[in-house]
Amino acid sequence: MNKPTFPFARLRAAALALCLAQTFLAPAVAADAPVKLQTLRGAEITASDPEGDGTRYSRDSAPLPRDFVQQPPLIPHTIKGYTVTKNFNKCLDCHAWARAKESGATKISVTHFKTREGDELSSVSPRRYFCNQCHVPQSDAKPLVGNTFKPGTGMR
Ligand code: HEC
Ligand code: HEC
């Protein structure tokens, strides 16, 4: 098998045609002309982000209406300083079942004790540990884009 078989020969012919096309049909721009890259944030790539003026949280309020039954409820209070790390979860200081009575916070849902394999645990499941993946605080800000979402039928 030292002669190229038919499909390989065809492939080689195609590659050659491509090379020729590239040589003769190449655009007039010199190959070594610098490419002009620009970041979306309009700063040097290496510059750090401007500090901004921080998140302005809405005032603490009563629980907010939900738009569909499976929705993670919105956080109706500030979360400034409520750290969640691998070793510490400030949210559970109030929302854990053992704390809810005294803090007046809603107990985390029973679904939060289920692992992804469906096993029930006696404390919060790792997949529900980082609360802010799903629950978001509110800010009184102008919407960036329009939204025509209507609450699900079960909520109307
Ligand atoms: C100092 C106590 C405290 C801490 C800490 C806290 N919460 Fe709350 N949270 C509350 C209270 C009180 C309510 C309101 C309960 C009510 O009015 O019915 C609430 C309400 C909520 C609700 C709305 C529940 C619903 O039924 O609509 C969510 C979601 C929530 N908190 C998530 C969080 C998350 C996520 C964190 C951590 C980033 C957190 N909370 C930290 C006390 C706390
Ligand atoms: C992967 C997404 C996800 C994560 C992570 C998560 N939640 Fe939830 N949470 C939900 C959804 C969805 C619901 C509503 C449906 C339900 O009860 O499971 C909910 C419901 C709740 C409720 C309302 C319970 C009720 O009885 O109405 C509270 C309070 C809450 N979560 C707090 C927390 C806290 C505190 C954490 C972190 C320890 C957390 N959640 C992590 C998705 C999440």
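In which helix of the chain is confidence lowest, and in which is it highest? Confidence here is expressed as pLDDT, the predictor's confidence in each residue on a scale from 0 to 100, and its mean is lowest in helix H1 (residues 6-25), at 53, and highest in H2, at 98. This is a predicted model, in which local features need pLDDT of at least 70 and side-chain atom pairs count only at pLDDT 80 or more, while totals for chains, interfaces and linings use all residues. Residues are numbered from 1 along each chain as its sequence is written, and chains are lettered from A and ligands numbered from 1 in the order in which they are written.

**Confidence**

- The chain has an average pLDDT of 84, and 81% of the residues score at least 70.
- Over residues 1-5 the pLDDT stays under 50, and the model has one contact beyond four places in sequence for this stretch; two residues are in contact if their C-beta atoms, placed from the backbone, lie within 7 Å.
- Where pLDDT is low, the predicted coordinates should not be read in detail.

**Overall fold**

- The chain contains three helices and zero strands, where helices (H or I, at least four residues) and strands (E, at least two) are DSSP runs numbered from the N terminus.
- Read along the sequence, these elements give the pattern α-α-α.
- Of the 156 residues in the chain, 3% are buried; a residue is buried if 20 or more other C-beta atoms lie within 10 Å of its own, exposed if 12 or fewer, and partly exposed in between, with C-beta atoms placed from the backbone.
- Among the contacts in the chain with a separation of 6 or more, 46% are between residues 24 or more positions apart.

**Surroundings of the two ligands**

- Ligand 1 is surrounded by 20 residues, of which Pro 63, Pro 73, Cys 91, Cys 94 and Ala 105 are the closest; a residue counts as near a molecule if its C-beta atom, placed from the backbone, lies within 6 Å of it.
- Helix H2 (residues 90-95) gives the most to the shell around ligand 1, contributing five residues.
- By class, the shell around ligand 1 holds 11 nonpolar, seven polar and two charged residues, where Ala, Val, Leu, Ile, Met, Phe, Trp, Tyr, Cys and Pro count as nonpolar, Asp, Glu, Lys and Arg as charged, and the others, Gly among them, as polar.
- Around ligand 2 there are 20 residues, and Pro 72, Ser 109, Thr 111, Cys 131 and Cys 134 come nearest.
- The shell around ligand 2 divides by class into 10 nonpolar, nine polar and one charged residues.

- Lys 90 is found in helix H2 and counts as partly exposed because it has 14 C-beta neighbours inside 10 Å.
- Not counting residues up to four places away in sequence, Lys 90 touches Tyr 82, Thr 83 and Val 84, while its C-alpha atom is separated by 10.0 Å from that of Cys 131, 41 residues apart along the chain.
- Pro 151 has its place in the segment after helix H3 (97-103) and is partly exposed, since 13 other C-beta atoms lie within 10 Å.
- The C-alpha atoms of Pro 151 and Arg 66 are separated by 7.9 Å, although these residues are 85 residues apart along the chain.
- Lys 114 is found in the segment after H3, and with 15 C-beta neighbours inside 10 Å it is partly exposed.
- Lys 114 touches Glu 120 and Ser 125, not counting residues up to four places away in sequence.
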